[in-house]
Amino acid sequence: MSADWLDYGYAALVASGGIVGYAKAGSVPSLAAGLLFGGLAGLGAYKQSQDPKDIWLSLFASGTLTAVMGMRFYNSRKFMPAGLIAGASLLMVGKLGLQMMEKPLQP
């Protein structure tokens with residue numbers, strides 16, 4: 001079972017976004033949300049590396065971020081950070097959706 005580096009990279013992007021938000025603006029909610037959802041995405045990536053069909057935690061984290069950051073991007077029209085995270089999250093939801101539709105390999 002190999003690690004899915006794209007999922008780990010997404011988790012790092014989300015967590016680092018929260019850290020940058022705190023460093024630039026002193027935003028504690030940004031730090032908390034970034035670390036929480038980055039941690040959930042990282043845990044989801046780990047669970048997927050153990051069982052490729054165990055995508056539910058990753059889907060929850062990326063789906064929630066798609067909705068929340070998508071709304072923030074829609075209202076503010078600012079790409080950074082809301083548009084970037086919304087776009088990356090939407091891509092993750094699409095990737096996970098494709099994984100859900102894959103047929104199991106026949107022996």
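**Charged pairs and a pocket**

Modeller: Asp-4 is partly exposed, with a relative accessible area of 23%, where buried means under 20%, exposed over 50% and partly exposed in between, using a 1.4 Å probe and protein chains only. This is a predicted model, in which local features need pLDDT of at least 70 and side-chain atom pairs count only at pLDDT 80 or more, while totals for chains, interfaces and linings use all residues. Residues are numbered from 1 along each chain as its sequence is written, and side-chain values use heavy atoms, with hydrogens and water left out.

Biologist: Which side chain meets Asp-4 in a salt bridge?

Modeller: Lys-95 does, at 2.8 Å from N to O; a salt bridge here is a side-chain nitrogen of Lys or Arg within 4 Å of a carboxyl oxygen of Asp or Glu. Because Lys-95 lies in helix 4 and Asp-4 in the segment before helix 1, the pair ties together parts that are 91 residues apart in sequence; helices are DSSP runs (H or I, at least four residues), numbered from the N terminus.

Biologist: And Asp-7, buried or exposed?

Modeller: Asp-7 counts as buried, at 2% relative accessibility. The side chain of Asp-7 also meets Lys-95 in a salt bridge, at 3.2 Å from N to O, and since Asp-7 lies in helix 1 and Lys-95 in helix 4, this pair ties together parts that are 88 residues apart in sequence.

Biologist: How many salt bridges does the count come to?

Modeller: The count comes to three, and another pair is Lys-47 with Asp-54, at 3.8 Å from N to O. Lys-47 is partly exposed, at 32% relative accessible area, and Asp-54 is partly exposed too, at 23%. Shared partners join Asp-4, Asp-7 and Lys-95 into one network.

Biologist: Changing topic, how much space lies in the largest pocket?

Modeller: About 520 Å³, where a volume is the space filled by probe spheres set on grid points joined across faces, edges and corners. A pocket is an open set of points on a 1 Å grid over the protein atoms alone, where a 1.4 Å probe fits, with protein on both sides within 12 Å along at least five of seven lines, and lining residues have an atom within 4 Å of a point.

Biologist: Which residues lie nearest its centre?

Modeller: Of the 24 residues that line the largest pocket, Gly-17, Gly-18, Ser-30, Met-69 and Pro-81 lie nearest its centre. Helix 1 gives the most to that lining, with nine residues.

Technical notes
Helices (H or I, at least four residues) and strands (E, at least two) are DSSP runs, numbered from the N terminus.
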